[in-house]
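I opened this structure to look up a few places in turn. These are my notes.

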Amino acid sequence: MNLRHAILPLALALSLPAIAAERGFTVQDMAYMDRHSSPTLSPDGRVLVFAKRVVNKETNKSSTSLWMRNLVTRDIRPPSQLSPDGWNVNSPAFAPDGKTVYFMSAKSGSMQLYSMPLAGGEPMRLTDTVIDVDGYKLSPDGTQVALAFAVFPDCKADLDCTKKKLDEVEALKTTGKVFDRMFIRHWDTWNDGRLNRVFAAKLGGAGMIKAATLLSGDIAGDIPSKPFGDLSDFAWSADGKQVAMSVRQANREEPWSTNFDIWLVNADGSGSRNLTAKNPAWDAGPVFSADGKTLFYRAMARPGFEADRFALMAMDLASGKTREIASKWDASADGITLSADGKWIYTTAQELGRHPLFRVSLANGEVESVVKDGSISSFDLAGPTLAISRNSMKSGDVIYTTSVDGDMPDEGRPLRAITPSAGEMLPDVAWGEYEQFNFIGWNGETVHGYVVKPWNYEAGKQYPVAFLIHGGPQGSFGDGWSY
């Protein structure tokens, strides 16, 4: 491309008069504004795929598509749409060779797994199951896929059995139901007798996947957990021969129990053992080391207290011995992403109203800040690239990329925005300035808060105050965006 032609549109844009910000943010703005999520890097870190949700104002319906950005071409070529028009898709993932992208869609009438070439082309449907696929996770070598289904326990691996029972319930002329234990409803999810369970199937065979091997057969619990869980509590071993999953027993004690245990299961569905039975509190988020000898996970120490601190743990799978990786760090880790060299765990955690990204040394437990400001909702790490999705009180998620080469981390290193901020999408909206403050609360403890000024604030004038108190302890108000 001629450099002059590449620079010309930018020069023209800079010469146009800026739109004056003359109004505040409205609920209509929030409803119709584009949303970006799911930053997903190719294995070599050279291509970024992300999800974009848009709303059609005429039909008042939303749809989500996948977009891609070649990070090598820098700013010469903007993101382009990857998934076809008219498709509503989610949950992107790359094949190990980086040439294929997997995703979920209900294009066929039920939620199924698809793949398509990164270079473009028609999506290929990979599953044809009688009930919805609720989630998936590829094995490290890409030859297998874990599939999550909601099934009736007595149906075991027979998906047709679950479909038959659902059809029978739908055909009933009565709606009454007898519950003999809780949960009757968990948040917004009613208990209909099914459990979330994980199955495994081979990829690359002839025809679509219609059945799969049940992995969590003798483990009576939901994986993913209800109602907000996902397959971050499920992990493949590097060789694809074993899986680990975090599950809480579905019994009468379940509503007041936080005793999630990590189970090790053979990938053919045979045999399982509880790795964390000695801990009566919450164990979550298993991740295998590259050599398969160590299992990393997060663990709470206080049974029954769901807001306890998640510590980073390492278990030697041969001996069963465990150690805490960063015992002096008082934060609660959100997850575990291993660096390519196996020396660091990358994780987000709450810190004084923000939700930054950290990395933790496996050798000595030292913690370093990677991205400090705002709230990181998700991130991905591949090759030399770090991709993050970050929000604040002034914008919903903006997807950025940066390099992890050299003496990472460097809080001053530039972040390259791939998607626009709320301010860029709504140039006529003025945003209220905000700042953190603190005061002495109960028992002499320091309490932190934020003061947010009106969008049209003028110094010296008096304004009414809306005083919002968050009781915690699971979360707090902070420098983040909520829809």
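I began with a hairpin. Strand 31 and strand 32 form it, with 5 residues between them. In the turn I checked N443, which has a positive phi of about 60°. The model is a predicted one, so I treat that angle as a computed value.

Next I looked at how the two strands pair. Strand 31 covers residues 434–440 and strand 32 covers residues 446–452. They run antiparallel, and 7 bridges join them. I picked F437 and looked for its partner. The bridge partner of F437 in strand 32 is G449.

In what order do its 4 strands lie? The order is 23-24-25-26, the sheet is open, and the pairing is antiparallel. I noted the edges as well. Strand 23 (337–338) and strand 26 (367–371) stand there, each with a single partner strand, so one side of each has no neighbour in the sheet. Strand 23 is joined to strand 24 (residues 344–348) by 2 bridges, and these strands run antiparallel. Here L338 stands opposite I345 in strand 24.

My next stop was D29. I found D29 in helix 2, residues 27–32. Is D29 buried or exposed? D29 is buried, because its relative accessible area is 11% and the cut-off for buried is under 20%. The side chain of D29 reaches the backbone nitrogen of T26 at 3.0 Å. Leaving out residues up to four places away in sequence, D29 touches R23, G24, L426 and V429.

I then looked up E306. E306 lies in the loop between strand 20 (294–299) and strand 21 (311–316). E306 is partly exposed, at 48% relative accessible area. Which residues does E306 touch, not counting those up to four places away in sequence? They are T258, W282, M300 and Q474. I also compared E306 with T213. The two are 93 residues apart in sequence, and their C-alpha atoms are 32 Å apart in space.

Last, I went to the surface. F179, M182, I184 and W190 form a nonpolar patch there. Together they have about 410 Å² of accessible area. I followed up on W190, which sits in strand 12 (residues 189–190). W190 is exposed, because its relative accessible area is 56% and exposed means over 50%.

How values were computed. Residues numbered from 1 in each chain as written. Predicted model: local features only at pLDDT ≥ 70, side-chain atom pairs only at ≥ 80, totals over all residues. Heavy atoms only, no water. Pairing = 2+ DSSP bridges. Buried < 20%, exposed > 50% of the residue type's maximum accessible area, 1.4 Å probe, protein only. Contact = heavy atoms within 4.5 Å. Polar contact = N/O pair within 3.5 Å; in protein donor to acceptor, adjacent residues only side chain to side chain. Patch = residues over 30% accessible without salt bridge, like charges linked within 9 Å, V, L, I, M, F, W, Y side chains within 5 Å. Areas by Shrake-Rupley, 256 points an atom, 1.4 Å probe, with all protein chains shown as cover. Salt bridge = Lys/Arg side-chain N within 4 Å of Asp/Glu carboxyl O.
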